[in-house]
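Colleague: I am new to this structure and would like to learn how to read it. Could we go through it feature by feature?

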Amino acid sequence: METEPAKTLQKRQVIFLAILLLLWEAGSEAVRYSMPEETESGSFVATLAKDLGLRVGELATRGARIHYKGNKQLLQLDVTTGNLLLYEKLDREVLCGATDPCILHFQLLLENPVQFFQADLQLTDINDHSPEFLEREMLLKIPENVQTGTVFPLKIAQDFDIGSNTIQNYTISPNSHFHVVTHNRGDGRKYPELVLDKPLDREEGPELSLTLTALDSGDPPRSGTTAVRIEVVDINDNAPEFLQSVYEVQIPENSPLNSLVVAVSARDLDAGTNGNVAYALFQGEVTQPFVIDEITGEIRLKRALDFEATRYYNVEIAATDGGGLSGKCTVVIDVMDVNDNVPELTMSTLTSSTPENSPETVVAVFSVSDPDSGDNGRMVCSIQNDLPFLLKSTFKNFYTLVTERPLDRESRAEYNVTITVTDMGIPRLKSQHNITVLVSDVNDNAPAFTQTSYTLSVRENNSPALHIGSVRATDRDAGANAQVTYSLLPPLDAHVPLASLVSINPDNGHLFALRSLDYEALRAFEFRVGAADRGSPALSSQALVRVLVTDDNDNAPFVLYPLQNASAPCTELVPRAAEAGYLVTKVVAVDGDSGQNAWLSYQLLKATEPGLFGVWAHNGEVRTARLLSERDAAKHRLVVLVKDNGEPPLSASVTLHVLLVDGFSQPYLPAPEAEAADAAPAAALTVYLVVALASVSSLFLFSVLVFVAVRLCRRGGAASVGRCSVPEGPFPGHLVDVSGTGTLSHSYQYEVCLKGGPGLNEFKFLKPILPNLPTQGAGEEIEENTNFQNSFGLS
């Protein structure tokens, strides 16, 4: 008993698979399987992957799953084996009712990439319902004069099974007066009629009790019974007769309750009570949504109709006269569909986020359905026009929402898409489904510096690890793609030791000086800074940073002339005949700093006789402040302070020795402001004075030289006399006062020295190279003073 159904099932599956192969070759749309109803859950249905030509491993990788209308889970797919299994017991009567064959349509959905396969499962009926009469007893009133062969309609039994499992035959309990004949109705159901075999005799028996049995042909067969009570009435030989045996009528499904469906009419040729006709629903009022007026025959609606549940009704109307005779007619009621169902949308797949820069990316997969028919069930899907998405119809009522063009998260990171499903009925009904599409970030933006170049300033002599400035870059991406890391790029100039000068914080772009900077050694340097994000692949950009080292007053003035490291101090000779403003000498100094830190000023700090000499503050020229007299001391010691303009100011001092001499023939150099005023009237006189002075001086010098030579010879090996130190080679002639202060101008160049030989002192003094000073009369150039020797008792 257990192997026979299995063999039958296997035979059916083999036949079905053969038919399936033929259908595939002919281009059919669906794969169909068959299975008896009430099969236990988890039972094997078919090897779906093999039937569809798919590999078993392909089901799992492509996200295969079973989709059924309304997302009901009737079947389940084992993606590891490719077998299709039952999720629960299936009751054909619940799923399909009286519809035969009972076919469940489902789809196999592969998500990556999207692909659909249509499949059908046909549920075959088993004999799990017994025939059942709605009433436990039927009452028939039959006149005694009814002729043999008269047919009396009997109420049918209900059996929810179909085919051979439904009612196939009716029988009546054995008796001598009646037998039952089974007939087929137009809808395939069978109904019984009671046929009179032998005339009734009320006197012999006013009432008969029979048993009506309904039988099906299932395995095993089932049956149901009801009692038939026959009352024999007296002489009513005309039964009611309807004007039409079949009434056909159409009614909209949204008809209001108590609305008139149709009015039936029957007539009876008898008179009196035997001619009074009463109407009734032959099957009773329990299962029908209609009610009939027993007097007028009007059929009205007592319960709302639903085209999607039942599309037509066969209503049998009985007309019974007062004598118990009855006639029957059939009312075929077609329910007309109206657009009363809003389209439904079932979301199958919805991605959590969509990457930017990816065109035609599947965002969602969904199906739409409308239980209405005709135009009322045809649907159109649409979305807003201003969105970069498209709806594509893929398979029957399945749609995919895809991107129309690449998305840009930096422009818009989120989209609200409203899917509108509209049917074509009148009036049109629609439903809307809102989904939110999130755009995920792709590393498509490089970091951007706020400036293409940065200029930073730092004072020299800074402390190490000093924060000197910052660079900043921003990235329009999100997450790790927007996290910026800073770094120093290799310098363009290989001679710049960038690694020992600056460093950068990779997280915030802060720049630090690694060591103390010296303005005099390095006034400025440049380097490049890179900013890279943490995307894959990483993007980067760079900016130029220029660091300017500002000067600090860290260098004191340095005196170039007179030199202070000589073994003996230099002595400046000034004739006692010099007038006020006579140029004694000029202090030349420089400063290694720049700007105002190198602006030098001069002042006389100490003097042997205050008020006799003065120092010009801006050029360091030492001049006589008044006329010299015989009372002034012959030796003078001057201390000149040279000070810069920094904060705080730094200074240096130089000591000058001045010797006043008599009869010195070198003309003095007048002050610049006095020179122009005195040049014109004194031009002629100057020539005569110079000639006279040169003659006298020559005699005087000759005497002095003789005197000195004699004394040196006498001293012989006496101790050597101090000398004036002279720089090696001639004093440079290119010392120019670049800043306006500090060194001699081209107007004054000096050669000052004291040469000492064995036993003599030779003094070479004041050999100035003066600019051509024209005189009014002669225009002669002033001649250079000749050397002279003199012996002084200098210690």
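Colleague: Among contacts in the chain between residues at least 6 apart in sequence, what percentage join residues at least 24 apart?

Modeller: A contact means heavy atoms within 4.5 Å. Of the contacts between residues at least 6 apart in sequence, 67% join residues at least 24 apart. Keep in mind that this is a predicted model, where local features need pLDDT of at least 70, side-chain atom pairs count only at pLDDT 80 or more, and totals for chains, interfaces and linings use all residues. Residues are numbered from 1 along each chain as its sequence is written, and side-chain values use heavy atoms, with hydrogens and water left out.

Colleague: How many helices and strands does the chain have?

Modeller: Helices (H or I, at least four residues) and strands (E, at least two) are DSSP runs, numbered from the N terminus. Here the chain has seven helices and 53 strands.

Colleague: What share of the residues is buried?

Modeller: Buried means under 20% relative accessible area, exposed over 50%, and partly exposed in between, with a 1.4 Å probe and protein chains only. Of the 795 residues in the chain, 40% are buried.

Colleague: How many of the residues in strand 32 are buried?

Modeller: Eight of the 10 residues in strand 32 (residues 414–423) are buried, and the strand is mostly covered. Strand 32 is joined to strand 29 (residues 379–382) by four bridges, in an antiparallel pair. With strand 33 (residues 430–440), strand 32 forms nine bridges, also antiparallel. A hairpin of six residues leads from strand 32 to strand 33. Follow Thr-422 across: Thr-422 is the bridge partner of Val-380, and Lys-430 in strand 33 is a bridge partner of Thr-422.

Colleague: Is Gln-107 buried or exposed?

Modeller: Gln-107 lies in strand 6 (residues 102–111). Its relative accessible area is 11%, so Gln-107 counts as buried. The side chain of Gln-107 makes a polar contact with the side chain of Gln-118 at 3.2 Å. A polar contact is a pair of N or O atoms within 3.5 Å; within protein, one must be able to donate a hydrogen and the other to accept it, and residues adjacent in sequence count only if both atoms are side-chain atoms. Leaving out residues up to four places away in sequence, Gln-107 touches several residues, including Arg-65, His-67 and Phe-395.

Colleague: How many disulfides does a search of the whole structure find?

Modeller: A disulfide is a pair of cysteine sulfur atoms within 2.5 Å. The search finds zero. Cys-329 is buried at 1% relative accessible area, and Cys-381 is buried at 15%.

Notes
Pairing = 2+ DSSP bridges.
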